[in-house]
Amino acid sequence: MTNVSTLSGFDPPQEQTAALLAQVGELVEELVTTAASRPVLGNPSGNDLVPGLLDQRPGDQPAEIETILQQLREVLATGVDNAASGELAYIPGSGLLTAALGDLIASTANRYTGLAGFSPAAVALELGVLRWLTELFGLPERAQGLLLSGGSAANLTAIVTAREMHAPDQVQRATVYTGAHAHASVRKAARIAGVPNGQVRVCGSSDGWRLDPRAVEVRIKQDLEDGLLPIAIVGAAGTTNTGAIDPLPALADLARDLGVWFHVDAAYGGFFVLTDRGRARLRGIERADSITLDPHKSLFLPFGTGALLVAERNHLALAFAEESDYLRDHSQDLDALPDFSSITTELTREWRGLRLWLPLQLHGEAAFRDALDDKLDLAEHAWRELEADPNLETLGPPDLSAVTFRVCGDDDLQDALLARVHEDERVRLSTTVIDGHVVLRLVVLSHRTTRDIIDLAVRLIRDAAQELVAGP
Ligand SMILES: *Cc1c(COP(=O)(O)O)cnc(C)c1O
C-alpha cells in the first residue's frame, strides 16, 4: 500500500481512498489494542497544546495526511483517558470499536432517516433495534424508542412530552416531582420545558437514598388542591451519586392513581436489565410512561448515544409533530414506519441506529449480558473488600455497580485519599457530596475493567487509607 500524502479531491481516487482508510485504520487499531493497558491518568494534561490548537486554522491547500494524523496522536496522548480500563470515576463510558465502525458506515452512506419513506429499510433497521429496546424493558407494543445524543436530551424529550400531555398551554401551572439524588439534567429539562423554577419539587426520602412515594403523594395532593398541574413523577433507576434505585412499583402505582406521567431516568442503570439481578432490581420499570437510557454508559457505546423509550408512540407525535405531519401520520397502523422528524426535535438527523445495531449483531446480546453481570460481581467484590477494612466505611452494598465509601475522618481526608490513589495513575475515582459530606465513588462500568484493575484499586485505596488514618 502506497501512502499518499495529500488528497486530490473530496472523493479521492480509489487508491487514495484505500490508503487513507488504511492510515486511519492504523490509528484506530492502535487506540483499541492499547486501551486496556493505558493508565487512565498517565498522560500530561495537554494544557500546553491548547493555545496552538486554538490558533490553528485550516490551510488553503491540503495538509499532509501523515502530519495531520501525527497531530491527532499528539492530542490523544494528553488528557484523561476515559477509554482506559482503570476509569472508575463518575459514570464511566468506554466506547466500542464496532459502534464507531457503524458510525463510519452510516456517515459515509449518509442516508436520510428523518422521514421513513426515503430509505425505509435503513429506518427499519433502526426501528428494529429500538423494538429490541422497548421489548427488553417490557413496554407495550405501541411503545416507541428514539436514539438521541444522550441522557440529558432524553430527559428533556420526556419532560416536554409529559408537559404536552398534562399541561398543554398551561406550563405556568406545571409541576414536576423528583428525588434529592435526581440527576441535574432532570431539573434542567424542566426549566427548559418552561416549568417555573419553584415548581420542580424535590421530594423526601425515607432512607436517605431513594425517593419516598409517600412524600411525593403528599406533595402532589397539596399541589392539586392549590390548582397546580402535576405533569411528571421522575424516578431514578440508578442515581448518579450512589446507583440507588427508587421504589419503581410504588411510584408507578402513585402515578397511575393520580394520573401523572411516570418517567424513569435509567441513564446509568437501565441496561442492567439484561442481567437477572438487574432485572429483579429494576422491577416496575416496565410500567413507566417513558424511560431514559444511555447506551453510552451501560451499553459501552461511544459518547453521543442516549435513548428515550415512550410507552405510547402517539404521545411523542402529540408533542413533536407539526400539525400537518401529525394528521398525515395519525394512523393506528402499527406496521407503518414512523417518521423520526415527527416524534423528535430533529428533522435531519444522523443514522444513529447503526451504531447500536452493528455492535449488537457482531457481539450478540449475551456478550453484553455477561459483561454487565461481571460489572455487578466486580462492584460487589470491591464493596466487600472496602467494607472489611477498619479504616474505611461504605455507604452500604451497591444496588448496581457504584460503590460509595469514606475513609474514617473528615472531608479533607477524603480528598487526600483521592489524591493519593491518583498518584498511581492507573485508576481514577471521583467524589461527590451526600448529606453535606464528601464521599468517594468507585463505579465499575467500562467494558475494559477487569478483576485485576478492581484488585489494584482496592489495594491502592486500602493502602492510602491506612497511611492517612495512621497520620504523619
Ligand atoms: C449521565 C446521566 C444523565 C445525563 O446523561 P448525559 O448522557 O450525560 O446527557 C441523566 N441521568 C442520569 C441518572 C445519569 O447518570
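The residues of the shell around the ligand comprise two nonpolar, nine polar and three charged ones. The structure described here is a predicted model. In total, 14 residues surround the ligand, and the closest of them are Gly151, Ser152, Asp265, Asp294 and Lys297.

Two helices, α6 (151-166) and α11 (295-298), each contribute at least two residues to this shell. The largest share, three residues, is supplied by α6.

| Residue | Side-chain atom | Distance to a ligand oxygen atom |
|---|---|---|
| Threonine 240 | polar atom | 2.9 Å |
| Aspartate 294 | N or O atom | 2.6 Å |
| Histidine 296 | polar atom | 2.8 Å |

Taken alone, the ligand exposes 380 Å², of which the protein buries 86%.

The account now turns to the sheets. Seven strands form an open sheet with mixed pairing, in the order β1-β7-β6-β5-β4-β2-β3. Because β1 (144-148) and β3 (200-203) stand at the edges with a single partner strand each, one side of each is left without a neighbour in the sheet. From one strand to the next, the twist averages 20°.

The edge strand β1 runs antiparallel to strand β7 (residues 306-310), to which five bridges join it. Within this pairing, glutamine 144 stands opposite valine 310 in β7.

Helix α6, which also supplies three residues of the ligand shell, lies across β1, β2 (174-179), β4 (229-236), β5 (261-266), β6 (290-293) and β7. The helix runs at about 150° to β4.

Another open sheet consists of four strands in the order β8-β9-β11-β10, and its pairing is antiparallel. Its edge strands are β8 (392-394) and β10 (430-434), each of which pairs on one side only. The twist in this sheet averages 40° from one strand to the next.

Strands β10 and β11 (residues 437-443) pair in the antiparallel sense over five bridges. Valine 433 has valine 438 in β11 as its bridge partner. Helix α16 (residues 411-422) packs on this sheet and touches β8, β9 (402-407), β10 and β11. The direction of α16 makes about 30° with that of β11.

How values were computed:
Residues numbered from 1 in each chain as written. Predicted model: local features only at pLDDT ≥ 70, side-chain atom pairs only at ≥ 80, totals over all residues. Heavy atoms only, no water. Near = heavy atom within 4 Å. Polar contact = N/O pair within 3.5 Å; in protein donor to acceptor, adjacent residues only side chain to side chain. Areas by Shrake-Rupley, 256 points an atom, 1.4 Å probe, with all protein chains shown as cover. Nonpolar A, V, L, I, M, F, W, Y, C, P; charged D, E, K, R; others polar. Pairing = 2+ DSSP bridges. Axes fitted to C-alpha atoms, helices over the stretch in contact; angles between N-to-C directions. Contact = heavy atoms within 4.5 Å.
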